[in-house]
Amino acid sequence: MTSLGKSKILKKEILSQYKSIRQFALEMEIPYSTLVTALDRGIEGMAYGTVIRICDKLNLNPVTFKSLEDATISEQLLQNQVMASYLKLNQKGKDTILELMGDFAELKKYKAK
């Protein structure tokens with residue numbers, strides 16, 4: 001995907017979630033002119049950290065620019081880390097972890113809200 005393609009996705013997503021590019025720029029504390037230039041010319045000149053912050057705010061994966069489906073970037077990274085650790089286990093380890101997770105999920109103290 002080209003930088004301009006990513007810019008178009010960002011612009012479309014910003015306008016679907018906010019009233020204007022200006023409103024989004026103010027909320028993100030990014031100079032409006034900087035954001036408009038990046039959206040018009042491509043995001044390759046924008047600082048990586050800024051792109052990550054924008055994607056996080058818009059709930060987009062910063063690599064694919066697709067929706068994270070109700071998970072923030074940090075939640076997505078944690079899920080990937082947990083899955084990577086799980087995949088390193090042998091079958092007995094995997095079975096034990098799944099059993100423990102099932103037990104914990106039943107305890108009120110550990111239930112997700």
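This report describes the fold, surface, aromatic pairs and selected residues of a predicted protein model.

Residues are numbered from 1 along each chain as its sequence is written, and side-chain values use heavy atoms, with hydrogens and water left out. Because the model is predicted, local features need pLDDT of at least 70 and side-chain atom pairs count only at pLDDT 80 or more, while totals for chains, interfaces and linings use all residues.

**Overall fold**

The protein has six helices and zero strands, where helices (H or I, at least four residues) and strands (E, at least two) are DSSP runs numbered from the N terminus. The order along the sequence is α-α-α-α-α-α. The radius of gyration of the protein is 19 Å, whereas a compact globule of 113 residues would have one near 13 Å. That radius is taken over C-alpha atoms, and the globule rule is 2.2 Å times the number of residues to the power 0.38. The C-alpha trace spans about 55 × 30 × 20 Å along its principal axes.

Contact means heavy atoms within 4.5 Å. Of the contacts in the protein with a separation of 6 or more, 41% are made by residues 24 or more positions apart.

**Surface and charge**

Of the 113 residues, 25% count as buried. Buried means under 20% relative accessible area, exposed over 50%, and partly exposed in between (1.4 Å probe, protein chains only). The accessible surface comes to about 8400 Å², and carbon and sulfur atoms hold 56% of it; the areas come from the Shrake-Rupley method with a 1.4 Å probe, and for residues only the protein chains shown count as cover.

The protein has 17 positive and 13 negative charges, and their mean positions are 4 Å apart. Lys and Arg count as positive and Asp and Glu as negative, with His and the chain ends not counted. Each charge is placed at NZ of Lys, CZ of Arg, CG of Asp or CD of Glu.

**Aromatic pairs**

Rings of Phe, Tyr and Trp (its six-membered ring) pair if their centres lie within 6.5 Å; planes under 30 degrees apart count as stacked, over 60 as edge-to-face and the rest as tilted. By this rule the protein has two aromatic pairs.

| Pair | Centre distance | Plane angle | Class |
|---|---|---|---|
| Tyr18 and Phe24 | 5.0 Å | 65° | edge-to-face |
| Phe104 and Tyr110 | 4.7 Å | 80° | edge-to-face |

Tyr18 and Phe24 are both buried. Phe104 is partly exposed at 40% relative accessible area, and Tyr110 is partly exposed at 44%.

**Selected residues**

Leu35 lies in helix H3 (residues 32-41) and is buried, with 1% relative accessibility. Leaving aside residues up to four places away in sequence, Leu35 touches Ile14, Ile21, Phe24, Ala25, Ile30, Met46 and Ile54. Phe24, one of these residues, is also a member of the pair with Tyr18. Between Leu35 and Lys11, 24 residues apart in sequence, the C-alpha distance is 9.6 Å.

Thr64 sits in the loop between helix H4 (48-58) and helix H5 (73-87), and its relative accessible area of 35% makes Thr64 partly exposed.

Asn59 is placed in the loop between H4 and H5; its phi is positive, near 60°, and the residue is other than glycine. Glu29, not a glycine, has a positive phi of about 60°. Glu29 belongs to the loop between helix H2 (21-28) and H3 and is exposed, at 71% relative accessibility.
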